[in-house]
Amino acid sequence: MSKPKVAFYWCSSCGGCDEAIVDLAEDILKVIEAVDIVFWPVAMDFKTKDVEAMPDGSIAVTFISGAVRLSEQEEMAKLLRKKSGLIVAFGACAHLGGIPGLANFFEKKEILETVYLTSLSTSNPQGILPQVETEVKEGILTIPKFYDRVYALDQVIEVDYYLPGCAPSKDIITNALTAILEGKLPPKGSVLAPSNSLCASCKRNESKPEKLRIKKFFRPHEVIIDQAKCFLDQGLICLGPATRDGCGSRCIEGNMPCEGCFGPTEKAMDMGAKALSAISSLIDSQDEDEIKRIVDTIADPAGTFYRFSLPKALIPRKRERKI
Amino acid sequence: MTRRITIDPITRLEGHGKIEIFLNDEGNVENAYLQVPELRGFEKFVVGRPAEDMPRITERICGVCPTAHHMASTKCLDDLFKIDPPQAAKKIRELFYSIFMFEDHTLHFYFLGGPDFVVGPKAPKEERNIIGVLGKVGLEVGKKVIGIRKKARDIMTEMAGRVIHPVFGLPGGISKPLTKEVVKTIKEVAKEGVEFSQFSLKVFDDLVLKNKEYLDLIKSDIYTHRTYYMGLVDEKNRLNFYDGKIRVVDPEGKEYVKFPVKEYFKNIEEHVEPWSYLKFLFLKDKGWKGFVDGKDSGIYRVAPLARLNVSDGIETPRANEEYDRMYKTLGGKPSHLTLAFHWARLIEALYAAENMERLANDPEILHPKVRTIPTATPEEGVGVVEAPRGTLIHHYKTDKRGIIEEANLIVATQNNSAAINMGIQKAAKALIKEGKVDEGILNLIEITFRAYDPCHGCGTHLLPGHVPLEINVYKKSGELFYSFRNH
């Protein structure tokens, strides 16, 4: 019997998801033996035309990390969709847009101007911007188009499953691979991680008072952070109550609050809205002016609550324009 | 009639990289271009974010070397909030950074750059990978490499919460102190690290330097560029990854300029080409002269060999001995040999391991006070570290609340982008004649840019240990005239 074919691809990503796979390689040797990795651009070679030549649906499962920011990434995602039985969005960027998704607070033009024209160390007297096609003396050079906004993977192609996190934790990757190989997958569209919130498994739960009450929000650099106490009880914004469990409390172990990279829990659609309601319910006041004053101590509400998920928000970008 | 060769290495420079080579009527190389088809725009979208979150945001530039960004950003915050962290915090940060540099450099040698030399540049492609390296050095060594990588990464996780995207950096210090148990483990790994780095240098000696053919290749003109060099040095002009001043030496090895990182924009500038998303750095005084080397060109190089070229020595004794030996063997300082970057990388790994040992044995790292709370109003800050792939600079301006208004990032590999482009041009011109292209030529071009370890996924190239390439030669009519791939 031939082994199921598996593929990995990256779009707009940092390579951290691929590192996460390498980091657990030792532990999943059995899994690796059970499959045939047909391509993985960081680790193995492949070309678009190699993929094009494969029969449709011939790859059992393709894991795609990274957001979609440039035309080439959308083209590859669409091609892989056609060739694959299952598509798994791997990591926060493919799942929700991730950190690169914060770029949706700005227009394409603003980004290009900052990077290529106005940044302090750029010398560009002729005002050159990168072009899809450039005619040089020897011929024409091409690079992919930089889109107007960042997309999560399922805004470009149909996605079957999601592996959350920046990067996904060892446990959820191993569990997902096992579930796929054993054919024990939950309903299509599921996020392959626990459905409860991070608070449910947090070691600091014991220190959490019956009712959290916040009079003022602090920023992490403004206080010495207690290593045992619930962050919210210290007035630090921790997205644990709104964030899906499964990361292994890595940031908490580093004595820093959760930023929500695993995305919202099962029933919430919009991560930022969920986080906002979770945090604002802790504000200890009935007085409107005081509430406003307390809320004003949150330094960057949109960027904090949508840190990894802006492209998937109900309002996903600064301004919609035709591409 | 112009013919065209496309080399499409699926290697990462913030995404993929693509090389286009154009041939003239005789089939000789007219020109070559390295294109980077990826952009995310961090400099813009961090605007509006709280400054203290920057170490956790900007590290998402690279999942392979997030520690470098995390640290440059954290140091930038010290400057921004005008705060001097407690000694213990500074030492723990540097210790953490040494573990990272040791791990990254070691892995590069065995999994990435090493296969070219340990197995050999002309070995069949199937053997030019980690498996081939293990065939030469023994399976036990392979287990050791994997084992030491895991140990180093586990300690980093323990120290900073995570190794892919650490979280412990804050202005004025770090988020948690060290425990005795962790320090005990660090000492063990450091000791092992020193021994292992010495072993790696011996492997390099036995398998590369004692092989005349390889040594000739390293010294050949194809891989030589007379450029400026840039890197951090301490107050005695010795190698330093974590702190110091930026020193630039000219192609003769003479100090050209030395400046505090705050003055970087007075000394270096970025050039834009319409055919790539990656900018090209050059020395501001010299100006942009195009992709040419020499004293009149502003092109400089960074990363292992550049760092050794700008320093007068290494603080730790064993690495310093190796430093002297390298320059003696290569015929003096500076060395312009691109392939000597591999050797320099191993010497740096030894320095990192020795530094790890030194800091792990410093009792001060167990001090519980690892934070000083900033009280000054933030305005502007600049931070620098030497990333595995070169000088990395973060520069932020904020409002009075510490909300980012402007950010500028000089990313390590970017410093070398002009030199890599030039190196590929030179190798292609020397090796491709009359339209003849074969696997040997392909690999000899591949070697050029792999010496720079052009990051962004480098670490994740682990498995086969070679950069996949494809060369297509087209006639002007678009007809495919020759095709080759190394896989």
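What percentage of the 323 residues of chain A count as buried? The share is 49%, where a residue is buried if 20 or more other C-beta atoms lie within 10 Å of its own, exposed if 12 or fewer, and partly exposed in between, with C-beta atoms placed from the backbone. This is a predicted model, in which local features need pLDDT of at least 70 and side-chain atom pairs count only at pLDDT 80 or more, while totals for chains, interfaces and linings use all residues. Residues are numbered from 1 along each chain as its sequence is written, and chains are lettered from A and ligands numbered from 1 in the order in which they are written.

**Chain A as a whole**

- Chain A has 11 helices and 10 strands, which are DSSP runs numbered from the N terminus (helices are H or I with at least four residues, strands are E with at least two).
- A compact globule of 323 residues would have a radius of gyration near 20 Å, and the 22 Å of chain A agrees with this; the radius is taken over C-alpha atoms, and the globule rule is 2.2 Å times the number of residues to the power 0.38.

**Strand 5 of chain A**

- Strand 5 (residues 84-90) of chain A is mostly covered, since 5 of its 7 residues are buried.
- Strand 3 (residues 59-65) of chain A pairs with strand 5 of chain A in the parallel sense over 6 bridges, where pairing requires that DSSP finds at least two bridges between two strands, and Val61(A) stands opposite Leu86(A).
- Strand 10 (residues 161-163) of chain A also pairs with strand 5 of chain A in the parallel sense, over 3 bridges, and here Ala89(A) stands opposite Tyr162(A).

**Where the chains meet**

- In all, 76 residues of chain B are in contact with 68 residues of chain A, contact meaning that the C-beta atoms of two residues, placed from the backbone, lie within 7 Å.
- Strand 6 (residues 122-123) of chain A runs parallel to strand 9 of chain B and is joined to that strand by 2 bridges, with His271(B) as the bridge partner of Ser123(A).

**The largest nonpolar core**

- This core holds 252 residues, of which Ile64(A), Ile347(B), Met356(B), Val385(B) and Leu392(B) touch the most other members; a nonpolar core is a set of buried Ala, Val, Leu, Ile, Met, Phe, Trp, Tyr and Cys residues joined through C-beta atoms within 7 Å.
- Helix 4 (residues 87-119) of chain B gives the largest share of this core, 18 residues.
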